[in-house]
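Hi,

Here is the structure I said I would pass on.

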Amino acid sequence: MYRFSEVVGQETVVGYLQSALRTGSLSHACILTGDPGSGKKMLARTTAAALLCENLQTAEDGTCEPCGQCLSCLQMESGSHPDVQVLEREKPTSIGVGEIRRIRSDLQVLPYRGSHKVVIIPDAQLMTAQAQNALLKTLEEPPAYAVLLLLSEGTENFLPTVLSRCITLGLRPVTETAVEQILVRRGIAPEQARVCARFSGGSVGKALQLAENEESAGARDRAVELLRQIEKADASSVIEMAGSLNTPEETAAFLDLLDIWYRDVLVLKSTGDPDRLIFTGELQYIKDAADTLSYGTLQRISNARAAAGRRLKARVNTELVLELLLLQIRQACRRDRRAGS
Ligand SMILES: [Zn+2]
């Protein structure tokens, strides 16, 4: 069910939309900006549901919600509302003028049921300049019933003429704690929730994906397994780890994990406070590393990690970069281990 109360951490934008819906003053064109997973689509659909609801529920505090029971709400729920169109782009990397022209001609037709017609354009930043110019005509003289919701990560790619005719509403990254709480509410174990929330950079969508994806959970466990005692790892398990990361997303997730692992080691070494750790369940290993590794070694690991990032950006072979990084870390850890024994 679409409810504004389900949209987490976006009080300002939600408050604005609710007040505009209540007073019937919603702009014909809004750009919702925010990171992937920040809830743009959910918010756009909820706005459409509220706009079209036949029995909008208004509370005394001024908040409003779609009723969830009228025919319009039910059609919204099943994704079959005749007056709501979500643009499905033809090409992965751009939205062309043809797609926008089809929206334009569709908007010429009166709403099928209600008082409004809503068009949602995900990844609207992918509109070509030509497509934006085509859209501009609608923005200049929108039919009274038309509402366009453009979803985008930022506003950089929009023409100034388009921007000037839209209201831009920026979604904030949801704080990690809020994401963590959402995951725990959905039955995900607290430590996993904490790690996934940290990885997600405040994106509920990404965190849920991480938490619910068995495959990424498996990859995470393998990586943690390796990092626990990397000084004891043989070359073949290092090579195997580096070779098992097949996509840029997997590589990025692995590097995130590595960053958090050594961040935890450094935090424990410098503060001695286990409550500040993210990998709370790995305390034994983190503590062992914090006791063994010198600050100089942790700095060397951090330098190696930064160099790996630069090489990946320069498109050096991913597997080789990761192998080198892991071998450098292993070497650094072995040195301190020997020095300590
Ligand atoms: Zn309704």
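This is a predicted model: local features need pLDDT of at least 70, side-chain atom pairs count only at pLDDT 80 or more; totals for chains, interfaces and linings use all residues.

Where does β5 sit in its sheet? The sheet is an open one of five strands, ordered β4-β5-β6-β1-β7, and the pairing is parallel. At the edges you will find β4 and β7 (167–170), each with a single partner strand, so one side of each has no neighbour in the sheet. On average, neighbouring strands here are turned by 15 degrees against each other, ignoring direction.

Strand β4 (residues 84–86) runs parallel to β5 and is joined to it by three bridges. If you want a residue to start from, take Q85, whose bridge partner in β5 is V119.

Now for the helices. Two packed helices are described by the angle between their axes and the distance between the axes.

Take helix α4 (residues 97–108) and helix α5 (residues 129–140): they pack at an angle of about 15 degrees, and their axes are 8 Å apart. Angles under 35 degrees count as roughly parallel, so that is what α4 and α5 are to each other. Their crossing is right-handed. On the α4 side the contact is made by V97, E99, I100, R101, R104 and L107, and α5 brings in Q130, A131, A134, L135, K137 and T138. Sorted by class, that contact has six nonpolar, two polar and four charged residues.

What about helix α11 (residues 235–243) and helix α15 (residues 318–340): at what angle do they cross? Roughly 140 degrees, with the axes coming within 8 Å. α11 and α15 are therefore oblique to each other. The crossing of this pair is right-handed. From α11, the contact uses V238, I239, M241, A242 and G243; from α15, it uses E319, L322, E323, L326, L327 and R330. By class, the contact of α11 with α15 comes to seven nonpolar, one polar and three charged residues.

Cheers

Conventions:
Residues are numbered from 1 along each chain as its sequence is written. Axes are lines fitted to C-alpha atoms, for helices over the stretch in contact, and angles run from 0 to 180 degrees between N-to-C directions. Helices (H or I, at least four residues) and strands (E, at least two) are DSSP runs, numbered from the N terminus. Angles under 35 degrees count as roughly parallel, over 145 as roughly antiparallel, 65 to 115 as roughly perpendicular and the rest as oblique. A crossing is left-handed if the near helix is turned anticlockwise from the far one by less than a right angle, and right-handed if clockwise. Two residues are in contact if their C-beta atoms, placed from the backbone, lie within 7 Å. Ala, Val, Leu, Ile, Met, Phe, Trp, Tyr, Cys and Pro count as nonpolar, Asp, Glu, Lys and Arg as charged, and the others, Gly among them, as polar. Two strands pair if DSSP finds at least two bridges between them.
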